[in-house]
Amino acid sequence: MNNPVFTGPFSKEMQDFISLKKSIGYKYCTAPGILKRFDTFLASNHTSLTALTKEAVTGWCTRTAHETAANQQSRSSVIRQFAKHLDNIGVDAWILPNNYYPTGQQYVPHIYTIDELRRFLAETDKCCQRPEHPYRHLIMPVFFRLLLSCGLRCSEARLLKVQDVDLEGGILSILDSKNHNNRLVPMSDSMTLRMKEYAKKVHPFPQPERYFFPALGEKPMTVGNVYKNFRRFLWRAGISHTGDGPRVHDFRHAYCIYRLKAWAEQGRDLMVLIPMMRTYLGHQTFNETAYYLRLTADAFPDIQLCLERCYKDIIPDMEGLPHETN
């Protein structure tokens with residue numbers, strides 16, 4: 001929801017706030033939907049507000065039934081930013097204090113076993129064609145293999161365009177990703193071959209601006225569509241799913257962990273390879289990549305000494321580290 005229509009007491013301020021965020025370079029794709037829900041709440045319960053009160057903010061930000069702490073934190077953060085904007089333009093507003101709500105337990109990524117990965121991918125290969133999704137049976141086996149083999153974020157794969165996929169060189173151009181990062185991502189020979197075979201069927205007459213993994217109406221696949229198929233494949237593969245995971249993003253974790261494991265077992269120089277992995281993944285800081293050193297050491301204790309020899313005193317504790325989302 002990039003251009004919602006606001007009807008509550010701060011409708012103009014919300015619209016101006018979104019315009020301001022976009023004008024200084026933020027994509028600001030998710031937050032407008034959160035602001036719209038807050039606007040609907042205000043329009044129904046606080047129609048005559050001239051100042052943003054604590055009662056209004058906490059009334060909407062209070063955690064709902066079955067809501068995760070992370071989701072509450074996410075939507076509350078948007079309201080906190082909006083309240084600071086109101087304060088900056090001279091509108092009286094109660095600003096939600098930092099860490100006002102407990103963060104809850106940090107999500108621990110699901111580490112797929114090799115057998116689980118084989119079973120999951122085997123289920124994607126059984127995906128059937130349907131009239132309402134004519135390319136689904138072709139997209140799903142390639143899409144999920146791409147996430148796993150290249151460590152892509154889901155959004156990076158979803159938004160690939162035909163012109164971003166160099167099938168001859170086996171290189172993906174990831175443009176304007178997280179933190180406005182651009183990078184080139186080489187594919188393995190086997191993945192490149194799969195992408196070529198897929199492109200022959202879905203893009204027989206390539207149009208550069210088309211999405212490489214198209215949904216209906218030449219739009220990109222939605223997050224909801226990916227997740228719905230992901231859950232179906234998990235269930236059919238016999239992989240348990242709880243409210244906390246596994247997540248689609250855990251394929252990115254799997255890529256990193258198994259890559260680090262292979263390098264450690266091969267005796268490769270991690271001091272050279274870790275910075276390369278940081279660039280490949282599109283991380284801004286070393287800590288984001290070092291997070292996977294701890295995950296790998298925890299998942300495969302037999303190689304922990306090898307990892308620690310290369311990065312003594314750098315493998316961090318999990319607590320307090322940034323963990324990625326889409």
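Reader: Where do I start with a predicted model?

Author: Start with confidence. Where pLDDT is low, the predicted coordinates should not be read in detail. Here the chain averages a pLDDT of 87. Of the residues, 91% score at least 70.

Reader: Over which residues does pLDDT stay under 50?

Author: That is residues 314-323. The model has 23 contacts beyond four places in sequence for them.

Reader: How do I read a sheet?

Author: Strands of a sheet pair through backbone hydrogen bonds, either parallel or antiparallel.

Reader: How many bridges join S2 to S3?

Author: There are 4 bridges between them, and S2 covers residues 171-174. Take Ile171 as a case: its bridge partner in S3 is Pro186.

Reader: What should I look for inside the protein?

Author: Look for nonpolar cores. In soluble globular proteins, nonpolar side chains tend to be buried together. The largest nonpolar core here has 65 residues. Those with the most contacts inside it are Phe143, Phe144, Leu146, Leu172, Met195 and Phe213.

Reader: Which helix gives the most to this core?

Author: H6 does, with 10 residues.

Reader: What is Phe144 in contact with, leaving aside neighbours within four places in sequence?

Author: Phe144 touches Phe120, Leu121, Thr124, Val226, Phe230, Phe233, Val248 and Phe251.

Reader: How do I describe two aromatic rings?

Author: A pair of aromatic rings is described by the distance of the centres and the angle of the planes. This model has 23 aromatic pairs. Take Phe120 and Phe144: the ring centres are 5.3 Å apart and the planes are at 80 degrees, so the pair is edge-to-face.

Reader: Where do Phe120 and Phe144 lie?

Author: Phe120 is in helix H5 (residues 114-125), and Phe144 is in helix H6 (residues 136-150). The pair therefore ties together parts that are 24 residues apart in sequence. Both residues are buried.

Reader: What about the rings of Tyr198 and Phe212?

Author: Their centres are 5.1 Å apart and their planes are at 50 degrees, so this pair is tilted. Tyr198 lies in helix H8 (residues 189-202), while Phe212 is in the loop between H8 and helix H9 (223-237). Tyr198 is buried, with a relative accessible area of 3%. Phe212 is buried too, at 2%.

Reader: Which residues do ring pairs link into a cluster?

Author: The cluster includes Phe120, Phe144, Tyr198 and Phe212. Tyr112, Phe143 and Phe213 are also among its members.

Reader: Which charged residues sit over rings?

Author: Arg75 lies over the face of Trp60, 4.6 Å from the ring centre. The charged end of Lys261 sits over the ring of Phe300, at 5.0 Å from its centre.

Reader: Which residues other than glycine have a positive phi?

Author: Asn99 is one of them, with phi near 60 degrees. Glu218 is another, at about 60 degrees.

Reader: Are they buried or exposed?

Author: Asn99 is exposed, with a relative accessible area of 62%. Its place is the loop between helix H4 (69-88) and H5. Glu218 is partly exposed, at 43%. Glu218 is found in the loop between H8 and H9.

Methods: Residues are numbered from 1 along each chain as its sequence is written. Side-chain values use heavy atoms; hydrogens and water are left out. Two strands pair if DSSP finds at least two bridges between them. Helices (H or I, at least four residues) and strands (E, at least two) are DSSP runs, numbered from the N terminus. Rings of Phe, Tyr and Trp (its six-membered ring) pair if their centres lie within 6.5 Å; planes under 30 degrees apart count as stacked, over 60 as edge-to-face and the rest as tilted. Buried means under 20% relative accessible area, exposed over 50%, partly exposed in between (1.4 Å probe, protein chains only). A charge sits over a ring if NZ of Lys or CZ of Arg is within 6 Å of the ring centre and within 35 degrees of the ring normal. pLDDT is the predictor's confidence in each residue, from 0 to 100. Contact means heavy atoms within 4.5 Å. A nonpolar core is a set of buried Ala, Val, Leu, Ile, Met, Phe, Trp, Tyr and Cys residues joined through side-chain atoms within 4.5 Å.
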